[in-house]
Amino acid sequence: MPFVSLVVSKVSATTKQCATTGTSSKHQRLVVRRPLTKATVRMTQPEATSKAEAQPVATAGGKILVIGGNGYLATRVLEKAMQKGYRVTALSRHPPKEFLRDNPKLQGVRWIQGDALDPEPWKHELQDATAVVVATADYRWRDLFGNQRYLQQVCGETGLSVSKAACGFANIQKFAFVSAHHYPPFVKLLPGYFKGKDDAEYQINHDFGSRAILLRPGFLYGKRTTTFFGKRVVLPLDWFARPFEYLAVGSLSRMVASMFGRNYLFHPPLNVEDVARVVIAGITGDIDKLIPKTEESRALVLESMDMYGIADKLRHEVVIR
């Protein structure tokens with residue numbers, strides 16, 4: 001894997017703990033403040049920090065509540081959390097499909113049904129949770145380019161709703177939200193989807209500050225299991241995406257990106273396993289050993305290239321444990 005510089009992105013927050021609303025008055029991206037110099041992934045053991053500087057982490061053995069637990073990325077997050085020794089609860093509107101219940105890596109996951117837009121019936125699940133992950137997605141093809149209000153609700157307002165419900169619980173040490181990279185052509189085609197993501201980012205950053213992790217991946221690839229006419233089908237998305245990944249992180253692309261800026265043309269697809277690994281690393285505090293600490297009032301924002309660099313180091317076990 002090529003060496004990738006890691007840029008730590010931060011977003012500003014207001015001073016209140018819980019806001020009544022997180023929606024922005026205009027449909028615009030949450031402003032990201034980047035440092036003047038790029039911070040590279042640390043290759044050696046970081047210097048010790050005082051207790052006052054230490055970021056809160058969700059310790060192993062604690063409970064992680066994953067919202068949208070039946071999803072493509074969420075199920076990988078469940079697997080990684082189980083491997084780390086967490087107690088895992090997955091909440092979705094629909095019960096898990098048979099192939100999820102039969103997955104040996106998910107044995108021990110507690111499956112519950114609930115609507116993220118209506119947290120009152122399941123809000124008690126937050127009382128003993130040490131971390132919350134929101135990875136909701138429900139792409140109905142008939143609504144993809146038509147019913148933007150549906151996409152805004154399911155893909156964005158779910159995160160906003162969960163943040164409002166969870167911000168009053170001091171026991172929640174980490175709140176991770178899977179947002180999305182803004183590919184300029186698709187922002188115009190799917191305004192509801194991206195506005196929902198933006199509004200959720202504002203709310204979560206406001207409510208959780210440095211305890212929040214906002215992930216903005218682009219296209220995710222890997223083996224995707226689904227059902228087609230009642231039969232289980234495995235879609236090898238990696239066959240399509242891997243060539244684009246190598247193109248996006250190759251030396252030529254890096255050179256062009258350094259000249260013109262890295263945007264959607266040089267934004268690599270990500271392995272879904274890697275993104276799940278980064279989510280758990282953020283919850284456990286392993287990311288804090290790789291990148292500088294964020295300010296107390298600001299969430300950590302990770303773009304695709306950031307996650308690519310972190311996952312590369314995690315795969316090679318660079319993190320000092």
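**A β-α-β unit and a helix pair**

Student: Which handedness does the β-α-β unit made by β2, helix α1 and β3 have?
Tutor: Happy to start there! This is a predicted model, so local features need pLDDT of at least 70 and side-chain atom pairs count only at pLDDT 80 or more, while totals for chains, interfaces and linings use all residues. Residues are numbered from 1 along each chain as its sequence is written, and side-chain values use heavy atoms, with hydrogens and water left out. With helices (H or I, at least four residues) and strands (E, at least two) taken as DSSP runs numbered from the N terminus, and a crossover called right-handed if the path from the first strand over the helix to the second runs clockwise with the strands pointing away from the viewer, the unit of β2, α1 (residues 72–83) and β3 is right-handed.

Student: How many residues of strand β2 are buried?
Tutor: Buried means under 20% relative accessible area, exposed over 50%, and partly exposed in between (1.4 Å probe, protein chains only). K63, L65 and I67 point one way and I64 and V66 the other, all of them buried. For β2 (residues 63–67), the count is therefore 5 of 5.

Student: Which residue of β5 is the bridge partner of I67?
Tutor: Two strands pair if DSSP finds at least two bridges between them. Parallel strands β2 and β3 (residues 87–92) are joined by 5 bridges, with I64 opposite V88. Another 5 bridges join β2 to β5 (residues 129–134), also in parallel, and there the partner of I67 is V134.

Student: Are α3 and α5 roughly parallel or roughly antiparallel?
Tutor: Their axes are 6 Å apart at an angle of about 5 degrees; axes are lines fitted to C-alpha atoms, for helices over the stretch in contact, and angles run from 0 to 180 degrees between N-to-C directions. Angles under 35 degrees count as roughly parallel, over 145 as roughly antiparallel, 65 to 115 as roughly perpendicular and the rest as oblique. So α3 (residues 148–166) and α5 (residues 191–208) are roughly parallel.

Student: Is T158 buried or exposed?
Tutor: T158 sits in helix α3. Leaving out residues up to four places away in sequence, T158 touches A116, L117, T136 and Q153 (heavy atoms within 4.5 Å). Because its relative accessibility is 6%, T158 counts as buried.

Student: What separates the C-alpha atoms of I310 and I291?
Tutor: I310 belongs to helix α9 (residues 304–315) and is buried at 0% relative accessibility. I310 and I291 lie 19 residues apart along the chain, and their C-alpha separation is 9.0 Å.
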